[in-house]
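Please consult the sequence and structure shown below.

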Amino acid sequence: MKKDIPLMGAKDTFKVYNTNLVEFLEFKNMLEISEIVLVCAMKRNESRGAHYRSDKPQEDNAKYKAHTITYKENNLLHADFKE
Amino acid sequence: MMKIKIAREALVEYEVQMQDATLLEVLNEIKTSQDSSLTFASGCRSSVCGSCSVRVNGREVLACAYKVQDGDFVEPMKNSPVIRDLVVDMDKAYSFNVKAKAWQSSLSLSTSLTQENEKINEVQSDCILCGSCYSACPIYAVNEEFLGPFSLTRVWRYVSDVREEDFSEKIDNIQTNGIWDCTLCNECTLVCPQDISSKSDIEKLRSKSAISGYSNPNFASSFGGGLSF
């Protein structure tokens, strides 16, 4: 879907209160954020609150009682855990 | 099949294959499948945010709560400038909350609010600022500076709050372009999606004003400037 973004756009080209354009911008942001959320969830090898994984149903405070720091390197998403 | 007319720059008719749908669902359907330029405002889709108020057949409704009938005529709200299609600029309407000083003036720290106290202005606190009452109010045809239904309801909400130590400033403030300009026509009550009656809140503010020594200036002028003894 990300590949197709350059081919997409808002049909409505009016400059005032353009909800069509706003929704398209929101869609692009959602796509970016959803990938980040996914990477963070995969890296977090535990269950905590609403983040529940059936393969790791327990909390792991030793490793994951921390904030997730996420960044892009060479076009690849990374997630680290730092207190 | 259902046809609705929408007042945009020109009157536009749309046809949708939907049944038992809310107006907001119909507007979204039109926007996604027929005309992406159709512009309307919306938020919560469940009657709590007050963003989607429009007029249907001349009456103010929340688009997310109103069920569309065949042949409905949809317009933007009155008394506010249209930004585009069904979206109006509510800045001036909301500015009347500031002009009316619709907030807590002095908080009594020694008074604690009981559950009974809360009920005094529970209904008035439910206002979602949808602006339906402001659009329905006929006073704006003659007085553009009228503080208006939702602002005056909000004034009553704070005047009636037991924690308010001194509401006199608020009462003084609503004497001009305020409570006496209302004709008690009750249109605001009929269109409110939250069952608030600004008309009766204005009446309550009138009796509070009378207790504070104010009287209806309209009566004074109809007696030729007041009676002299």
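How much area is buried between chain B and chain A, and what percentage of it do carbon and sulfur atoms give? In this predicted model, the area buried between the two chains is about 720 Å², and carbon and sulfur atoms give 57% of that area. Lys31(B), Ser36(B) and Arg84(B) together supply 58% of the area that chain B buries against chain A, more than any other three residues.

**Interface composition**

- On the side of chain B, 9 residues are in contact with 8 residues of chain A.
- The residues of chain B that touch chain A divide by class into 4 nonpolar, 3 polar and 2 charged.

**Polar and charged interactions**

- Between chain B and chain A, 4 residue pairs are in polar contact, with both residues of each pair at pLDDT 80 or more.
- The rule finds 1 salt bridge across this interface.
- A salt bridge joins the side chains of Arg84(B) and Asp12(A), with an N to O distance of 2.8 Å.
- Arg84(B) is also one of the three residues that supply 58% of the area buried by chain B against chain A.

**Cysteines**

- The count of disulfides over all chains is 0.

Key: Residues numbered from 1 in each chain as written. Chains lettered and ligands numbered in written order. Predicted model: local features only at pLDDT ≥ 70, side-chain atom pairs only at ≥ 80, totals over all residues. Heavy atoms only, no water. Contact = heavy atoms within 4.5 Å. Buried area = accessible area lost by both parts, 1.4 Å probe. Salt bridge = Lys/Arg side-chain N within 4 Å of Asp/Glu carboxyl O. Polar contact = N/O pair within 3.5 Å; in protein donor to acceptor, adjacent residues only side chain to side chain. Nonpolar A, V, L, I, M, F, W, Y, C, P; charged D, E, K, R; others polar. Disulfide = S-S within 2.5 Å.
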